[in-house]
Amino acid sequence: MSVSREEVLRIAQLAELDVDEETLPTLAEQMSRILDYAAQLSAVPANGTVKVFVPGPDAIRFRADEVTPSQLAFGPDEFAPNFKEGFFVVPKLGHFE
Amino acid sequence: MSDAKAVADRLVKAKRLNALLTPPKELRKSLNTQIAAARPTGVLYGMPVPVKDNICTLEFTTTCGSRILEGYRSPYEATAVTKLKAAGALIAGKTNCDEFAMGSSTEHSAYGRVLHPLDKARVPGGSSGGSAALVAAGAVPAALGSETGGSVRQPASFCGVVGIKPTYGRVSRYGLVAFGSSLDQIGVFGRSVHDAARVLSVISGRDPRDATCEDRDPLRLPTVPESLQGFVIGLPKEYFPAELDPAVRRACDRAIRMMKELGAAVREVSLPHTAYAVPTYYVIAPAEASSNLARYDGVRYGPRFDGATDLRSLYRSTRGQGFGAEVRRRILVGTYVLSSGYYDAYYRRAQQMRALIAQDFRNVFDRGVDLLFTPTVPSPAFKAGEKLADPIAMYMSDIFTVTANLAGLPAISLPIGRVKGLPIGGQLIGQAFLEDEMIEAAYALERVVPATDEA
């Protein structure tokens with residue numbers, strides 16, 4: 001198995017995601033299988049000269065730097081869980097001396 | 001023209017499929033308002049088009065099939081939706097889908113699975129399973145879906161309808177909730193090639209709000225051709241492996257014979273890196289998803305799962321409880337392949353492989369091949385629950401569709417036969433921005449192929 005329980009927990013921390021204890025073994029097993037499966041890519045010799053393929057326009061088009069009216073049908077005060085005086089309200093971060 | 005009540009009645013009748021997330025009452029009310037405001041001169045006047053729930057609409061909530069966006073109303077709408085409305089179409093509710101479009105069976109929705117219209121024990125495919133099921137059930141002539149790895153073509157194949165994935169950059173992604181930004185495109189379902197193509201032509205074209213959308217005029221629809229004279233159609237041998245379902249092979253052989261009879265030149269070609277497409281996709285798509293889905297943190301959108309004592313635990317508990325199992329798995333895989341120490345082994349390799357896969361297609365098209373013909377999916381619709389415990393088995397159902405997303409090419413799936421009553425789809429992959437050629441060939445094939453006959 002390529003991914004250990006500890007590694008899943010470390011990755012979950014990077015991803016800001018709670019993982020509960022019961023699902024941890026299954027998750028580690030499934031992630032290992034997915035990553036082992038993806039590891040077949042390393043069978044192909046690495047080629048530093050391959051140009052990365054990006055679909056879409058060759059060059060980013062710039063649009064005119066003009067102020068246009070906002071298209072929002074309603075503001076963040078209606079879709080944020082808590083929004084006051086122009087700010088998103090979040091729980092207290094901690095105490096500072 | 002249709003009246004709002006008849007449109008709503010047809011959709012509500014298909015309720016047992018669990019394909020539509022919009023409650024009937026809300027749907028009826030909105031359709032009444034929309035029909036009164038619709039432009040009678042629009043080319044799609046009165047046409048009901050339900051929209052996948054990961055495409056933002058002002059009329060209805062946009063939840064992406066996720067608890068983390070439960071009840072979320074977008075303050076703006078997708079450009080594709082604006083264009084549909086300008087053409088007189090009616091936005092006929094939001095369709096159920098795999099959570100954040102991650103899945104191939106529409107079983108990964110927080111709002112329950114979608115049933116296959118012909119066999120309720122089976123899945124309609126995914127992730128745009130709700131849109132596919134509604135078109136297949138005859139509730140609507142067309143619907144919008146989205147594609148990251150085959151999420152329009154695969155359910156179109158399973159449900160026996162037409163599904164088009166346009167070239168990357170043909171349709172604006174503005175208002176399409178991002179999953180894998182370098183792969184995502186809005187796609188179209190239709191009862192017929194023409195129904196799908198006319199909706200595609202309406203939603204296509206430039207959009208100043210999406211820098212990845214090409215500066216081009218909307219797609220012009222071709223006429224239905226008399227023959228396929230002059231078309232060179234390639235059959236990539238990697239898409240017809242020995243283990244291919246025999247019925248799928250028979251249906252493809254029949255369609256190929258018919259294209260020959262219509263005058264097409266058919267030749268075998270090779271796309272040598274095909275075997276690496278699924279592993280490449282399942283590195284790149286989760287990597288992009290882990291970044292795109294970082295914004296769902298319980299602060300700016302949707303419900304917040306409480307009990308947190310500080311900001312980080314608020315993020316973690318909201319995301320841990322708000323996302324379903326498949327989404328959590330992909331975020332973790334994506335974070336892993338992008339993390340220090342693994343980036344080169346996984347992500348960089350996958351990027352290189354993507355370039356080689358795109359080059360395979362260019363090589364074939366440079367040698368005079370106009371279009372490629374392949375099966376859309378290796379098998380007909382599978383049973384619900386069959387592949388849930390095995391993510392890799394589920395991913396393999398995208399094996400013939402992910403390549404077009406990786407290479408940014410247009411592709412269409414159309415029904416070419418049935419096996420034991422279940423539809424089989426055939427796929428045409430075209431060259432970038434040559435959807436018109438691809439649609440022309442699909443028109444010709446659709447006219448002759450016995451789509452509902454056993455193969």
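What share of the contacts in chain B with a separation of 6 or more comes from residues 24 or more positions apart? In this predicted model, such residues account for 76% of those contacts.

## Overall build of chain B

Chain B contains 14 helices and ten strands. Its radius of gyration is 21 Å, close to the 23 Å that the globule rule gives for 455 residues, so chain B is as compact as a globular protein of that length.

Along the principal axes, the C-alpha atoms of chain B fill a box of roughly 70 × 60 × 45 Å. Of the 455 residues, 63% count as buried.

## Contact with chain A

The contact involves 56 residues from chain B and 47 residues from chain A. On the chain B side, the elements that give two or more residues are helices H8 (277–292), H9 (311–322), H10 (325–338), H11 (343–366) and H12 (391–395). H11(B) gives the most, with eleven residues.

By class, the side of chain B that touches chain A has 30 nonpolar, 13 polar and 13 charged residues.

## Backbone features in loops

The peptide bond from Gly126(B) to Ser127(B) is cis, with omega near 15 degrees. Ser127(B) lies in the loop between strand S2 (90–95) and helix H4 (129–136).

Asn18(B), in the loop between helix H1 (4–13) and helix H2 (24–37), is a residue other than glycine with a positive phi, near 60 degrees. Asn18(B) has 20 other C-beta atoms within 10 Å, so it is buried. Lys420(B) is not a glycine either, and has a positive phi of about 45 degrees. Lys420(B) sits in the loop between strand S9 (411–419) and strand S10 (422–429), and it counts as exposed because it has 8 C-beta neighbours inside 10 Å.

Definitions and conventions: Residues numbered from 1 in each chain as written. Chains lettered and ligands numbered in written order. Predicted model: local features only at pLDDT ≥ 70, side-chain atom pairs only at ≥ 80, totals over all residues. Helix = DSSP H or I, 4+ residues; strand = E, 2+ residues; numbered from the N terminus. Rg over C-alpha atoms; globule rule 2.2 N^0.38 Å. Buried ≥ 20, exposed ≤ 12 C-beta atoms within 10 Å, placed from the backbone. Contact = placed C-beta atoms within 7 Å. Nonpolar A, V, L, I, M, F, W, Y, C, P; charged D, E, K, R; others polar.
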